[in-house]
Amino acid sequence: MNGGRVGLAGGVLKNVFKTLPASPHASSFPLQNRYNPPFVRILLLSDIHSNLEALDACLFAAPAHDLVVNLGDTVGYGGNPNEVIAKAQALGRVFVRGNHDRAVSGLMNLDEFNAIAGLATLWTRAQLTPKNLEWLRALPQGPIKLDELPGIQFVHGSSLDEDEYMVSARDAIAPLITDPVPITFFGHTHLQGGFLLTGEISEGYRPGYRTVGQPESSDWPLRKNRRYLINPGSVGQPRDGDWRSAFAVFDSDAWIVTFYRVPYNLRVAQEKILAANLPQRLATRLATGR
Ligand SMILES: [Fe+2]
């Protein structure tokens, strides 16, 4: 993940509990539902993957925000696809479709998935209501741009290919050089962090944290004259070795991305996967963040 010329270590650390209001959503959700710009504080969620416990933990920990953007893969792998779709829909209407959203709703051939992902896709498809399947099928392909947020776009894989995995600085170089949009928020890799273009060099960035089990946040102040690719991490199935659920908030005034990691009720999420007779690996991998 930390590829490229220089692996930059973390940002400013602070404990989430010290900075969060007791009831963080009371003021933010009405703003969101009215879709009322300016969108200064953007809550970025990606790769929720039907993990309701993780999503709930993120929403509880998230600071007040003006807009929620979902970067795709709302379903697949986890035990609560209908419940997670309902909650995601209630948060707002800015979505990018992910490859699992396409696969579950029949827009993508399952040949491209491994056996475990294929089984989870078929199970998820069987659970979903016809209305939710239709909603998934209608999700838009990225890049998504909003008039109120010039210089920013939202994708699942990359702006060049919605299925591209931008894991290393080498993967990121083509989108960074060819796409002039200063900030691209992406998902798909389940790896929290990002890449920036300095001259013609792509550098990886990964937020730094002090603990492995506490709620934490990490700031990444951005510079105006650079290009960035930024991944908030996966809400429902992190793969960067940190089991905690991941999300991010972007402050478009301060030009700062704050990454978050929050513990969630892992055991319940695992039990739901096992109770559904989904592959055991989908439950065990949540504990290691791999
Ligand atoms: Fe995903």
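User: What should I know before looking at it?
Analyst: The model is predicted, so local features need pLDDT of at least 70 and side-chain atom pairs count only at pLDDT 80 or more, while totals for chains, interfaces and linings use all residues. Residues are numbered from 1 along each chain as its sequence is written, and side-chain values use heavy atoms, with hydrogens and water left out.

User: How many helices and strands does the chain have?
Analyst: The chain has 10 helices and 12 strands. Helices (H or I, at least four residues) and strands (E, at least two) are DSSP runs, numbered from the N terminus.

User: Which residues coordinate the iron ion?
Analyst: Asp-47 (OD), His-49 (NE2), Asp-73 (OD) and His-190 (NE2) do, at 2.1 to 2.3 Å. Donors are N, O and S atoms within 2.8 Å of the metal (3.2 Å for Na, K and Ca); water is not among the atoms, so sites may look incomplete.

User: Where in the chain are Asp-47 and His-190?
Analyst: The donors follow the spacing D-x1-H-x23-D-x116-H along the chain. Asp-47 is in the loop between β2 (41–45) and α3 (52–61), and His-190 is in the loop between β6 (183–185) and β7 (193–198), 143 residues apart.

User: Is Asp-47 buried or exposed?
Analyst: Asp-47 is buried, and so is His-190. Buried means under 20% relative accessible area, exposed over 50%, and partly exposed in between (1.4 Å probe, protein chains only). Of the 290 residues of the chain, 58% count as buried.

User: Why is the arrangement around the iron ion irregular?
Analyst: It is irregular because the four donor atoms subtend angles of 86 to 176°. Four donors count as tetrahedral if all angles lie between 85 and 135 degrees; four count as square planar and six as octahedral if opposite donors are over 155 degrees apart and all others between 65 and 115; anything else is irregular.

User: New topic. Which strands pair with β2?
Analyst: β2 pairs with β11 (residues 245–251) in the antiparallel sense over four bridges, and four bridges join β2 to β3 (residues 67–70), which run parallel. Two strands pair if DSSP finds at least two bridges between them.

User: Which residues face each other there?
Analyst: Leu-44 has Ala-248 in β11 as its bridge partner, and Leu-43 stands opposite Val-68 in β3. The chain crosses from β2 through α3 to β3, and this β-α-β crossover is right-handed. That term applies if, with the strands pointing away from the viewer, the path from the first strand over the helix to the second runs clockwise.

User: Why is β2 largely enclosed?
Analyst: Four of its five residues are buried, so β2 is largely enclosed by the rest of the structure.

User: How many residues are in the largest nonpolar core?
Analyst: The largest nonpolar core has 35 residues, and Leu-43, Leu-45 and Tyr-264 are among those with the most contacts inside it. Its largest share, seven residues, comes from α3. A nonpolar core is a set of buried Ala, Val, Leu, Ile, Met, Phe, Trp, Tyr and Cys residues joined through side-chain atoms within 4.5 Å.

User: What about the second core?
Analyst: The second core is separate and has 26 residues, including Ile-42 and Val-69.
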